[in-house]
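Dear colleague,

I am passing on the structure below, followed by some notes on what turned up in it. Please read the notes with the structure open beside them.

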Amino acid sequence: MRCEGVNLFLADGEAAFQEVFHVHLHVFPRFTGDPFRIDADWRVQERDQLDKTAAAVRGGLAALDAAQR
C-alpha cells in the first residue's frame, strides 16, 4: 500500500484496553491531511516526576537483565 507515512500502535495487556491478552500491533497508513489522531496527555511533567519515572524504567530494565543471566 502506498502511503506518505505510517503510525505503529502496540497494545499489550489489560491497561492497554485488551480483553484477550496478546501483543497486538496496529499499522496505520498515513496521508497528508488525513483525519486520524491519537489523543494523549501531552502536559509537561515536573522534573522530579520525570526522574522518578526514569529511575523506575531503569530499575525494571536492570531486573529483566538480571533475570536473564
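**Notes on the structure**

Setting aside its neighbours within four places in sequence, arginine 30 is in contact (heavy atoms within 4.5 Å) with Cys3, Glu4, Gly5, Val6, Asn7, Phe36 and Arg37. Before going further, please note that this is a predicted model, in which local features need pLDDT of at least 70 and side-chain atom pairs count only at pLDDT 80 or more, while totals for chains, interfaces and linings use all residues. Residues are numbered from 1 along each chain as its sequence is written, and side-chain values use heavy atoms, with hydrogens and water left out.

Arginine 30 belongs to strand β2 (residues 24-30), where strands (E, at least two residues) are DSSP runs, as are helices (H or I, at least four), numbered from the N terminus. Arginine 30 counts as buried because its relative accessibility is 18%; buried means under 20% relative accessible area, exposed over 50%, and partly exposed in between, with a 1.4 Å probe and protein chains only. Its side chain joins that of asparagine 7 in a polar contact of 2.4 Å, and also reaches the backbone oxygen of phenylalanine 36 at 3.3 Å. A polar contact here is a pair of N or O atoms within 3.5 Å; within protein, one must be able to donate a hydrogen and the other to accept it, and residues adjacent in sequence count only if both atoms are side-chain atoms.

The whole structure holds four salt bridges, a salt bridge being a side-chain nitrogen of Lys or Arg within 4 Å of a carboxyl oxygen of Asp or Glu. Among them is the pair of aspartate 41 and arginine 43, whose side chains meet at 2.5 Å, N to O; aspartate 41 is partly exposed at 47% relative accessibility, whereas arginine 43 is exposed at 62%.

Another joins arginine 47 and aspartate 51 at 3.0 Å, N to O. These two residues are separated by about one helical turn, because they stand four residues apart in helix α1 (residues 47-67). Arginine 47 is exposed, with a relative accessible area of 56%, and aspartate 51 is partly exposed at 39%.

Arginine 69 also forms a salt bridge with aspartate 65, with the closest N and O atoms 2.7 Å apart. Here arginine 69 is exposed, its relative accessible area being 77%, while aspartate 65 is partly exposed at 36%.

Best regards
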